[in-house]
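Trainee: Before we go through this model together, I would like to learn how to read its features one at a time, beginning with the pockets.

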Amino acid sequence: MFGPPGAGKGTQAALMVEKYNFRHVSTGDLLRHEIQARTELGKLAAELIEKGNLVPDEVVEEMILGELEAHPDVKGFIFDGFPRTVAQAECLDKMLEKRGEEITGVISIVIDDATVRDRIHHRAMIEDRKDDMDDATITTRILNYHKKTEPLIAYYKERDKYNEIYGVGSIKNIFTRISRLVDKTLKG
Ligand code: ADP
């Protein structure tokens, strides 16, 4: 699942887990668990996340490898919020190649920056995420998305893995769009 912060990746991933029985791996959720557990990694992550910055590639790459190794028998993984840089994408390709696996496809949820801001402001009233509270942090996250994550669109287009879904509409309608795409992709 690919898209800017607040695009609805997590919401849609949860629906995909229900329908397709894949395992959902959200690097954001994994990092928030570390923060809650007050681990060393959590302390480092908290500082970066609260300012809207990305955590180092190696940190999330290790988390992903841990997930792959911990769940060898799953039908498939939905990565949500990973990869977020070209270096992470290259690392993921290598990790999968070693296991004789590959990315099946990328689902990119497309929404504009103004909608991103609206969604995050709305989420701030529901969930207690420090990175949703402050406008400057939200701006940094949007900038980081454009600068560091958006280059992945070209990366996956070149590899013929990239699919776009328009991300504005009801949760149900967007899930219908995603399901159509997943069904088509799984049929090959
Ligand atoms: P959102 O996409 O809505 O910002 P996430 O829960 O996916 O929320 O991510 C929250 C924060 O966690 C990010 O702003 C970033 O600091 C950190 N993070 C999550 N995934 C990654 C990643 N793959 N690489 C680096 N940092 C990450």
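Trainee: What is the volume of the largest pocket?

Mentor: A pocket is found on a 1 Å grid over the protein atoms alone, as an open set of points where a 1.4 Å probe fits, with protein on both sides within 12 Å along at least five of seven lines, and its lining residues have an atom within 4 Å of a point. Grid points are joined across faces, edges and corners, and the volume is the space filled by probe spheres set on the points. Here the largest pocket has a volume of about 1200 Å³, and of its 49 lining residues P5, G6, K9, R123 and R129 are the closest to its centre. Keep in mind that this is a predicted model, in which local features need pLDDT of at least 70 and side-chain atom pairs count only at pLDDT 80 or more, while totals for chains, interfaces and linings use all residues. Residues are numbered from 1 along each chain as its sequence is written, and side-chain values use heavy atoms, with hydrogens and water left out.

Trainee: Which element gives the most to the lining of the largest pocket, and how do its residues divide by class?

Mentor: Helices (H or I, at least four residues) and strands (E, at least two) are DSSP runs, numbered from the N terminus. In this case α2 gives the most, with six residues, and α1, β1, α6, α7 and α9 are among the elements that each supply at least two. For classes, Ala, Val, Leu, Ile, Met, Phe, Trp, Tyr, Cys and Pro count as nonpolar, Asp, Glu, Lys and Arg as charged, and the others, Gly among them, as polar. The lining of the largest pocket divides into 17 nonpolar, 20 polar and 12 charged residues.

Trainee: What are the corresponding values for the second largest pocket?

Mentor: The second largest pocket has a volume of about 690 Å³, and its lining comprises 31 residues, with F77, I78, I103, T104 and G105 nearest its centre. By class, this lining has 21 nonpolar, six polar and four charged residues, and its largest share, four residues, comes from α9.

Trainee: Turning to α1, which of its residues are buried, and where do they fall around its axis?

Mentor: An α-helix has 3.6 residues a turn, so residues three or four places apart point the same way. Buried means under 20% relative accessible area, exposed over 50%, and partly exposed in between, with a 1.4 Å probe and protein chains only. In α1 the buried residues are K9, Q12, A13, M16 and Y20. Seen down the axis of α1, they fall within an arc of 105 degrees (taken from the directions from the helix axis to the C-beta atoms), so they line one face of the helix. Their cover includes β1, β2, β3 and α9.

Trainee: Which backbone features deserve a careful look in the loops?

Mentor: N21, in the loop between α1 and β1, has a positive phi of about 65 degrees although it is not a glycine, and N21 is exposed, with a relative accessible area of 56%. R38, in the loop between α2 and α3, likewise has a positive phi, near 55 degrees, and R38 is exposed at 69% relative accessible area. The peptide bond from F82 to P83 is cis, with omega near -5 degrees, and P83 is placed in the loop between β2 and α5.

Methods: Contact = heavy atoms within 4.5 Å.
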